[in-house]
Amino acid sequence: MGVTPPPRNLRRVSSDFREWIAALVTPRETSSGPRPEELRASDADRERVIAVLTEAAADGRLSRLEHEERVDAAYRSLTLGQLMVLTRDLLPPDQQPIALHSRPVAAVFRNESRGGRWVVPSTVPVSSIGGKVELDLREALLQSRRIVVQLAVMAGTVNMTVPEGVRVVIAADARIGQFKDQTRPPADPDCPVIELAGYVWGGRVIAKSPKPPKKGRRR
């Protein structure tokens with residue numbers, strides 16, 4: 001007596017689930033660039049670090065001499081890595097003024113967000129199972145001109161706030177059912193690109209531009 005094969009719809013679900021798992025565990029290859037700590041620091045990056053140092057001196061975590069030495073080191077810092085060591089012992093990792101980690105963003109039946117001043121690596125693994133992920137790239141520093149967001153989403157939502165002048169595209173082999181591109185088209189054809197790869201099953205991805213600043217009221 002032969003074994004009855006599973007229903008076609010069940011086979012389809014099983015195939016979809018295998019593809020979702022493959023998207024989760026198989027990162028997409030991208031061109032390598034400089035390491036996050038090797039990127040050059042801006043004046044705004046230095047001011048962020050100095051603000052933390054000043055607050056630490058005000059509440060007694062740093063002595064006046066330590067504060068002066070670290071502020072001087074901040075002004076002399078050329079890279080993000082040199083800045084990062086100045087606040088490493090003052091704040092937990094998720095409160096640092098500049099985030100250099102490349103940990104995956106994962107939301108399992110909860111909300112997860114990443115924003116502020118952070119270095120976006122060439123590949124960003126994003127997974128969501130029944131959760132919501134918020135990626136805010138407005139103040140982020142893109143490590144390369146082509147960023148791959150490697151998606152593994154099942155019944156979840158991924159919201160992306162994309163800065164002006166960046167284009168969002170879908171990889172040719174991606175399986176993304178619901179995608180809303182609400183970004184404003186960049187004027188420069190040679191602009192940085194965020195490529196969505198991987199698999200979205202029973203969920204959705206929304207990319208949007210930042211809200212324009214409110215105009216002042218006329219008197």
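## Pocket and cavity in a predicted model

Residues are numbered from 1 along each chain as its sequence is written, and side-chain values use heavy atoms, without hydrogens and water.

Of the 219 residues, 42% are buried, meaning under 20% relative accessible area with a 1.4 Å probe, protein chains only.

On a 1 Å grid over the protein atoms alone, a cavity is a set of points where a 1.4 Å probe fits but cannot get out; a pocket is an open set with protein on both sides within 12 Å along at least five of seven lines; lining residues have an atom within 4 Å of a point. A volume is the space filled by probe spheres set on the points, which are joined across faces, edges and corners.

| Space | Volume | Lining by class |
|---|---|---|
| Largest pocket | about 250 Å³ | 7 nonpolar, 6 polar, 5 charged residues |
| Largest cavity | about 40 Å³ | 9 nonpolar, no polar, no charged residues |

Here Asp, Glu, Lys and Arg count as charged, Ala, Val, Leu, Ile, Met, Phe, Trp, Tyr, Cys and Pro as nonpolar, and the others, Gly among them, as polar.

The largest pocket, of about 250 Å³, is lined by 18 residues, of which Asp94, Ala99, His101, Ser113 and Arg114 are the closest to its centre. Strand 2 gives the most to this lining, with 3 residues.

The largest cavity is lined by Trp118, Val120, Val124, Leu135, Leu137, Leu142, Ile147, Val149 and Ile194.

How values were computed. Predicted model: local features only at pLDDT ≥ 70, side-chain atom pairs only at ≥ 80, totals over all residues. Helix = DSSP H or I, 4+ residues; strand = E, 2+ residues; numbered from the N terminus. Buried < 20%, exposed > 50% of the residue type's maximum accessible area, 1.4 Å probe, protein only.
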